[in-house]
Every structure is written in structure tokens, then in C-alpha cells.
Amino acid sequence: MSAELNLATKNLNKMGYLELDVDPTLDLVAEINKLKKEKNAVILAHYYQESEIQDIADYIGDSLGLSQQAAETDADIIVFAGVHFMAETAKMLSPSKKVLLPDLKAGCSLADSCPAPVFRKFKEKYPDHKVVSYINCTAELKTLTDVCCTSTNAKHIIDSFPPEQKLIFAPDVNLGRWLVKETGRDMVLWNGSCMVHEIFSHEKITKLRIKHPDAAFIAHPECEAHILDIADHVGSTSSLLRFTRESDYQEFIVATEPGIIHQMVKESPDKVFIPAPPNNACACNECPHMKRNTMEKLYLCMKHELPEIHLPEWVIEQGVASIDRMLEISAKAGL
Ligand code: SF4
């Protein structure tokens, strides 16, 4: 091992990634493709990744699709171009495989808003309740969860419990409130939220809609209720993508992480997509965690097979049942 690699490996936990120089003349797309073949690796990328990472991925999707791919792949290495909880989910589903994440510090404000030890105490107050957790949570929280869900399958997961079964929903309070409205179930909600989806500006969106009267306003259910109330369509990232492809609207104001717009443009090149503005000085609303991954970090992590995701065995054993159950219910529902 070279001295540089040795030092970068030592600093891995501090930095989150291998801090090594990458030759700027290197054709990263060609190199990453070569490494994929040599190592029998698969790249799974979330819709919120940079467009160049989406373009080199073997599979692009939302949390449900990515979990399904992670469970089914026959690759030896899963490279997760997404955030930490997604790579953890892949490790839980395929514990014998090597799971890599280009930057360990690609976290998630929503997952962080529900620490497992605090949630355990909260749960003790509701001994008759089952727990449904949005998949955007830590591996440890999954050990305290009966069934996970994503925004694509959440309604099916909730409806899979008998009506008299009391439920706790964690960690996203906005998605929880939307689900209470959609399913008619009075669930106990954990008060967590996503830093990206909670800061869309009602006022700026209203002004934008006046400027673009023919545009459809579409929103992810992690947005706050007053934003969802004015949306023409509410759904998961896959559902928003499908809506832009299938509806007759030619213009869309999109309230979710703007990385998805790359796929929207690819699928409907003649339509117009406007990212919904947040409540700050920025024009759009990127997830700083998702955007920690870069082509350079992706290349280095595949080349040196670091950083790797490791989980204690007990976490995998106790947590995976909640994801398996979710996949089972989704498959039955044809999702
Ligand atoms: S967009 Fe929100 S929920 Fe998704 S990874 Fe970023 S902080 Fe987490």
C-alpha cells in the first residue's frame, strides 16, 4: 500500500471518504465502467444524485426500487450512490456482499431526527402499538420497527394492519400527517423531518404558479401540509416521475430534491421543469447529503473498495425482518 493510500485509509473515518488526488485527465466514466466489470460490482443510485452519477449507474430509483435491487442483485459488490441509511439497508438485505458508500458522511437529517435510544423510550409509552418506520431511518431504528415503508408503498403497508391495530409512525411527521389523512388511521407520529422538504416556500410557490398558470404543481409527501394542500399531484419520486411522463401537462413546478429533474427531462425532453423554491436565498433545494457523492469519490471507493459499510450482526438479524416484510407486502400489491 502506498504511503498516500495508507494515510487516506487512516483518515477515512474523519474525512468520510478517501482523500486522494485523482488525475484530472482521467476518463472517470471509462475507469468506473472498467472497475464495475473487473470487480463484478453494481452501482445503485438514488434519483437525488448528481446527473453524471445517475448516468453511470446500473439502476436508478427511489428507496423502494433500490431496496428491491439490493435484495436481488448477484453482483459481489454493491456500490451505493446515495446516503448512509440506504447503504445500510443494502447491507442488511445482502449481508454477505461488500457494500460501499463513496462518502460515509452522506447522512440524512430525517434519519438523524430519530435516534434509536430516544425512540426506544418513546415506544415504551405505547406498549399496544406496532411501529411503521419510513425506510429513511438508521439500521438501529429498524430493529425497533415492525414494518418499514417507503413513500411508494406506505399506504399499502398501513392498510396491511387490521383497523383496530394501533400504530406509531416514524420518523417523518409530514409524511405521517399525509398518511393519516389518506388512510384515515389515527397514528402516533414521531416529530422528525427532512431538511430539504420542510423548507419549500408557500409564498414563492404561489407567485411562481401565477407566473406559470398552466404548470402542474407536484410535491413529495415529505413536504409540509400547507405545501401538499396546494399540489396538483402528491407522490413518491417514482410517482412524480410517472406523472410528468403520463400527464398532458407540459410544464411542472417540482417540490422535491431537484436531482429527479434529470430523469424527468430525459423521459420528457419537450416538457418544462421548474424546481420549487425554498424559504431561503437559493433558487432550488438540493440535499447536501446526497450531493456529497462525486464521480471522484465514486471512482476512488470502487478502486480501493473503501469506505465499506459494516453493521453489527445483531442489528442485521433484528432489523432485516422489517424490510423483508415491507418487500413482501409490496410484492403482493404489485409494486
Ligand atoms: S432529501 Fe431529506 S430525506 Fe432524503 S437524504 Fe436528504 S435529508 Fe434525507
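## Stop 1: a helix pair

Select Ser-63, Leu-66, Ser-67, Ala-70 and Ala-71 in H5, and you will find them meeting Met-86, Thr-89, Ala-90 and Leu-93 in H6. Here, contact means that C-beta atoms, placed from the backbone, lie within 7 Å. Sorted by class, the contact of H5 with H6 holds six nonpolar, three polar and no charged residues. For this count Ala, Val, Leu, Ile, Met, Phe, Trp, Tyr, Cys and Pro are nonpolar, Asp, Glu, Lys and Arg are charged, and the others, Gly among them, are polar.

A word on what you are viewing: this is a predicted model, in which local features need pLDDT of at least 70 and side-chain atom pairs count only at pLDDT 80 or more, while totals for chains, interfaces and linings use all residues. Residues are numbered from 1 along each chain as its sequence is written. Helices (H or I, at least four residues) and strands (E, at least two) are DSSP runs, numbered from the N terminus.

Now show the whole of helix H5 (residues 63–72) and helix H6 (residues 84–93): they pack at about 35°, with axes 8 Å apart. Axes are lines fitted to C-alpha atoms, for helices over the stretch in contact, and angles run from 0 to 180 degrees between N-to-C directions.

## Stop 2: the sheet with S1

Next, pick out the open sheet of four strands in the order S2-S1-S3-S4, where the pairing is parallel. Strands count as paired if DSSP finds at least two bridges between them. At the edges are strand S2 (59–61) and strand S4 (98–100), each pairing on one side only. Neighbouring strands in this sheet are turned by 20° against each other on average, direction ignored. Zoom in on strand S1 (residues 41–46), which pairs with S2 in the parallel sense over three bridges. His-46 stands opposite Gly-61 in S2.

Step back to helix H3 (residues 28–39). In the loop between H3 and S1 sits Asn-40, which has a positive phi of about 50° although it is not a glycine.

## Stop 3

Which order do the strands S5 to S8 take in their open sheet? Colour them and read across: S6-S5-S7-S8, with parallel pairing. Strand S6 (147–149) and strand S8 (188–189) each have a single partner strand, so one side of each lacks a neighbour in the sheet. H17 packs on the sheet, touching strand S5 (130–134) and S6, and its direction makes about 60° with that of S6. Two bridges join S7 to S8, and Ile-168 stands opposite Val-188 in S8.

## Stop 4: two cis peptide bonds

Select Ala-170 and Pro-171, joined by a cis peptide bond with omega about -10°. Pro-171 is in the loop between strand S7 (167–170) and helix H11 (173–183). Then jump to Leu-306 and Pro-307, where another cis bond has omega about -5°. Pro-307 lies in the loop between helix H16 (295–304) and helix H17 (313–332).

## Stop 5: the domains

Finally, colour by domain: domain 1 (3–106 + 290–311), domain 2 (110–195 + 316–332) and domain 3 (197–275). These bounds come from an automatic or database domain assignment. The C-alpha centres of domain 2 and domain 3 are 26 Å apart, and their contact takes eleven residues from domain 2 and 14 residues from domain 3.

Note on methods:
Contact = placed C-beta atoms within 7 Å.
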